[in-house]
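Thanks for coming, everyone. Please have a look at it first.

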Amino acid sequence: MANTYQCSNGTRLEKTVIDQLIKKAKAKKYQFFLEEHDYIFCEDCKRNDCKPVDLSHTISVDEAQKTSKSELAFDIHNIRFRGRDCHKKLDKLNTQFNWAKVDTI
Ligand SMILES: [Zn+2]
């Protein structure tokens, strides 16, 4: 039996499907962001020197899967461009994550 994770609506998705959807969501995010801004920068601090910039999940994929909200893993609103420093800060925050503050769409 393959690894599956639940979404908020009760659907279960295989991990391989989730991974593919994450890839697609990241590609979409990249495209939309470039169309809007022409270049990539850290969305958290908006500084040009917050580098290197990566696509990072606000709510981690692991967290999304564990809490049966797997759809957040491939929700482009949960994926942001973050420089390394901001990414590190976020990872620290995630250990004491407050779900009440999360806006889901
Ligand atoms: Zn930053």
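Start with Phe 32. Phe 32 sits in helix α1, residues 15-37. A word on terms: helices (H or I, at least four residues) and strands (E, at least two) are DSSP runs, numbered from the N terminus. Is Phe 32 buried or exposed? Phe 32 counts as exposed, because it has 11 C-beta neighbours inside 10 Å. The cut-offs: buried means 20 or more other C-beta atoms within 10 Å of the residue's own, exposed means 12 or fewer, partly exposed is in between, and C-beta atoms are placed from the backbone. Phe 32 and Ile 76 are 44 residues apart along the chain, and their C-alpha atoms are separated by 9.9 Å.

Two housekeeping points. This is a predicted model, so local features need pLDDT of at least 70 and side-chain atom pairs count only at pLDDT 80 or more, while totals for chains, interfaces and linings use all residues. Residues are numbered from 1 along each chain as its sequence is written.

Back to α1. The end C-alpha atoms of α1 are 32 Å apart. Its 23 residues, at 1.5 Å a residue, should span 33 Å, so the two values agree. That expected span is 1.5 Å times one less than the number of residues.

Next, what follows the helix. Asp 38 comes after α1, in the loop between α1 and β3. Its phi is positive, near 70°, and Asp 38 is not a glycine. Asp 38 is exposed, because it has 7 C-beta neighbours inside 10 Å. Lys 46 is in the loop between α1 and β3 too. Lys 46 has a positive phi of about 60°. Lys 46 is also exposed, with 10 other C-beta atoms within 10 Å. Pro 52 lies in that loop as well. Lys 51 and Pro 52 are joined by a cis peptide bond, with omega about -10°. For context, most residues other than glycine have a negative phi, and most peptide bonds are trans.

Now the strands. Strand β3, residues 53-57, runs antiparallel to β4, with 5 bridges between them. Two strands pair if DSSP finds at least two bridges. One example is Ser 56, whose bridge partner in β4 is Arg 80. Why is β4, residues 79-83, described as largely enclosed by the rest of the structure? Because 5 of its 5 residues are buried. Both faces are covered. Ile 79, Phe 81 and Gly 83 are on one side, with Arg 80 and Arg 82 on the other.

Then the loop between α2 (61-66) and β4, where we find Ser 68. Ser 68 is partly exposed, because 14 other C-beta atoms lie within 10 Å. Ser 68 and Cys 7 are 61 residues apart in sequence, yet 5.2 Å apart in space, C-alpha to C-alpha. Leaving out residues up to four places away in sequence, Ser 68 touches Gln 6 and Ser 8. Contact here means C-beta atoms, placed from the backbone, within 7 Å.

Last, the whole chain. There are 3 helices and 4 strands, in the order β-β-α-β-α-β-α from the N terminus. Of the 105 residues, 24% are buried. The largest nonpolar core has 8 residues, including Tyr 5, Ile 59 and Phe 74. Such a core is a set of buried Ala, Val, Leu, Ile, Met, Phe, Trp, Tyr and Cys residues joined through C-beta atoms within 7 Å.

That's the tour. Over to you.

Methods. Two residues are in contact if their C-beta atoms, placed from the backbone, lie within 7 Å.
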